[in-house]
Amino acid sequence: MNTVEVELDARAFSDWAMREGWGDGLPCIPPTPELVDTYLTATFRGRDDVLARLLPSGAECTVAHVAANAAMAGAPVGAMPLLCAAVEAIARPSFNLAMQNATTAAVVPALIVNGPVRLDLDLPSGAGCLGGATGPAPAIGRALRLLVRNVAGQRVGTNSESVYGQPARVSGLVVAEWEERSPWPPLAERRGVPGSAVTAYGIMGTMNIVDRIAERADSLLEVIGKSVAFLGATAFMATSTADTPGEVAVAVNPVWATQVLAAQLPSIEDVQQVLWDHAALPIDWFPADHRAGVEATGRVEADGRVHLVASPADVVLFVCGGTGSLHATGFSGYRNSLASTVAVGG
Amino acid sequence: MSRGLVVDPRGSVDRPTTAGPPPAITDLAGLRVGIRHDGTWRSWAWVYGDWVARLAGLGATTHLWQSGGHDEATATAQRAFYEGSDIVVAGLCNCGSCTLHTVRDAVGALDRAIPTVVVSTGHFEAHARRFATELGWDDLPMVVLPAGLEGRPQDEVLAVADERFPDVLAALARTR
C-alpha cells in the first residue's frame, strides 16, 4: 500500500482526508505506518493476505486495508480479527454486497457478534445496544464502513445511488447477542458456527416495536410479525422471477425471550414458525396495480396471504436489549440478500 | 504542525485485458442478438418485445437471457449467452443495483469484443457511465429511455420503444 505525506494534526488530517475522499465526514485518526503496524500485530494473518474482492469496485481487500481503515476509524486494535471475519462475511456472493452498495435503497451490513469475542471487545448486548451504549461498537462499525467506502468503492454520487442512506452507513451497526440471558443457542451456533463468530445481515434500518401487554407468546409474535410485514418492505417488492424475498431479522429483549416466548413455546423453531405465520399480508391489501406482479411469482398462499419471507427459517432471531422489556426491534432486510456467518479467528 | 506519512486506505483494481474494441455493425442480417434482462422491469419487457420484432424485420435472430443468481449454473448460462450472441442489448438500468448488474453484464460482453448496447432510463445514465468507466469502458454505447418509464401504460412504453429503436442501430454502427 502506498504512503502519502500529510499534516498529522487531527483536524488538518481529517479535513484533508475528506477532500481526498478517504473520510466520511467524522474526524479521522491519521493511519501512520507505525499505527497500522500496531493493528497488524493483533492478527495472525499476513499484511498482504487477501481477504476478499469487494464489489462493486472489485478491489482486493487485504489485511493491511483493514488495519489502515480501522486505524482511521479509531477502532480497538483487538477488533482486527472481528473486522477481517466481517469482510469475509460481506464478500460472500449470497450476501450480495454489490447490490447493497449500488442500490437506491438504504441497506447497510449490520454485524451481530457471538461468542467470547463479544466479551473480549466489550460489545454491547444490553440497554442501548443498538446505539447509545458507551463502548467500541460505533468505531468498529465505522471501520467496516470506511472499508466499504475505500475498498469496495461505495460513495454517494459515484457507486451509490441510495436515495436516502441511513445513519448506519456512517457508523455501521455492531451488536452482541446477550447469550447469557438468551434461552436459545446463540445465533451463529444455530447457523452452524459455534464460538466466536460474526453474522452480517443487510438492514434497511431499525424498527422499534412496542407491546405493553405481551403476556401471551402468540399475541406478542402477532404484534412483531404484523409490524415487520409492511407493504413497502423490499421482501414484498420481490415480485419478479429474478428476486428472492431474503430474510427478516428481529432482536428480542431478554425478558420477552425468557419469560414469554421460551416459557410458552418449546423451541426457537416454534417461535420462528409463529412469527413467520403472522408476518404476512392479504393479497387484497396490495394496491390493484401491484397484485398481478405478486401473483405471477406464486407467492399468494391458498388462504390469500403473502408471506414476507419464504419460510420460518428466514426469520433471523437473536436476543439483546435492556431488561426494561416492552420493545423489540425489527430489521427489514434486503431482497436477494442472505445473512452470512463467519467464525472470528485470529 | 508536524508532517508525516500515512497509509493510503484505498483499494485498487487491476483491469483485465480485453479482446479489443468490438466492430461496428451496420447490417444485422443473420446475426444473433442476445437480449439481457433481469425480470424486474415490466416496461423493459415491453420495450425489448417491440425490438425483437423489429430486429427480426432486419434479418436478425434474438434470444433472451435473464441475469441473476450467484451460482455456477448462472455463470455457465452467462457464458453460453455470450457465446451465442453476435450482439448484446442489455437492460434495464432503472435502479441502483440493476444498473450495476446491467453494466457488469454488458462489460462482460464488450470485453469479449461483442458489440453491445446498454439501455438505461434517464436518471441512471450517469450511474451506468460511472460503473462502466470504472470497468474500463468510458464510452459505453448506450440508449437512454425517458425516466419514469415503469409506471407508464403499455401503449406509451411501446411508443417510446418505436421511437428509440433507431438509437440502438446508431449505437451499434458507431465504432469506439
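The following is a conversation about how terms are applied to a predicted model with chain A and chain B.

Author: Welcome! This is a predicted model, in which local features need pLDDT of at least 70 and side-chain atom pairs count only at pLDDT 80 or more, while totals for chains, interfaces and linings use all residues. Residues are numbered from 1 along each chain as its sequence is written, chains are lettered from A and ligands numbered from 1 in the order in which they are written, and side-chain values use heavy atoms, with hydrogens and water left out.

Reader: Why is A:Ser196 called buried?

Author: Buried means under 20% relative accessible area, exposed over 50%, and partly exposed in between (1.4 Å probe, protein chains only). A:Ser196 has a relative accessible area of 18%, so this serine counts as buried. Its place is the loop between α9 (187-190) and β6 (197-203) of chain A. Helices (H or I, at least four residues) and strands (E, at least two) are DSSP runs, numbered from the N terminus.

Reader: What does A:Ser196 touch?

Author: Contact means heavy atoms within 4.5 Å. Leaving aside residues up to four places away in sequence, A:Ser196 touches A:Asn114, A:Gly115, A:Pro116, A:Val117, A:Ala343 and A:Val344.

Reader: Is A:Thr62 buried or exposed, and how do you know?

Author: With a relative accessible area of 10%, A:Thr62 is therefore buried. This threonine sits in strand β3 of chain A, and among the residues it touches are A:Met1, A:Arg47 and A:Asp48.

Reader: And what about A:Thr134, buried or exposed?

Author: A:Thr134 has 80% relative accessibility, so it counts as exposed. It lies in the loop between α6 (116-120) and α7 of chain A.

Reader: What makes a group of residues a nonpolar core?

Author: A nonpolar core is a set of buried Ala, Val, Leu, Ile, Met, Phe, Trp, Tyr and Cys residues joined through side-chain atoms within 4.5 Å. The largest one here has 58 residues, and A:Phe13, A:Leu54, A:Val66, A:Val87, A:Leu123 and A:Ile140 are those with the most contacts inside it. Helix α7 (residues 137-152) of chain A gives the largest share of this core, ten residues. A second, separate core has 37 residues, including A:Trp184 and A:Ile209. In soluble globular proteins, nonpolar side chains tend to be buried together.

Reader: Which residues does A:Ile140 touch?

Author: Not counting residues up to four places away in sequence, its partners include A:Ala75, A:Pro76, A:Leu121 and A:Val174.

Reader: How much area is buried between chain A and chain B?

Author: Buried area is the accessible area (1.4 Å probe) that two parts lose on being put together, summed over both. For these chains that is about 3,400 Å², of which carbon and sulfur atoms give 55%. In chain A, A:Glu7, A:Trp22 and A:Glu161 lose the most area to chain B, together 16% of what that side buries. The contact takes 49 residues from chain A and 32 residues from chain B.

Reader: What makes A:Asp122 stand out in its phi?

Author: Most residues other than glycine have a negative phi, and most peptide bonds are trans. Phi of A:Asp122 is near 60°, a positive value in a residue other than glycine. This aspartate is also exposed, with a relative accessible area of 53%.

Reader: Where is there a cis peptide bond in chain A?

Author: One joins A:Leu55 and A:Pro56, with omega about 15°. A:Pro56 lies in the loop between β2 (50-54) and β3 of chain A.
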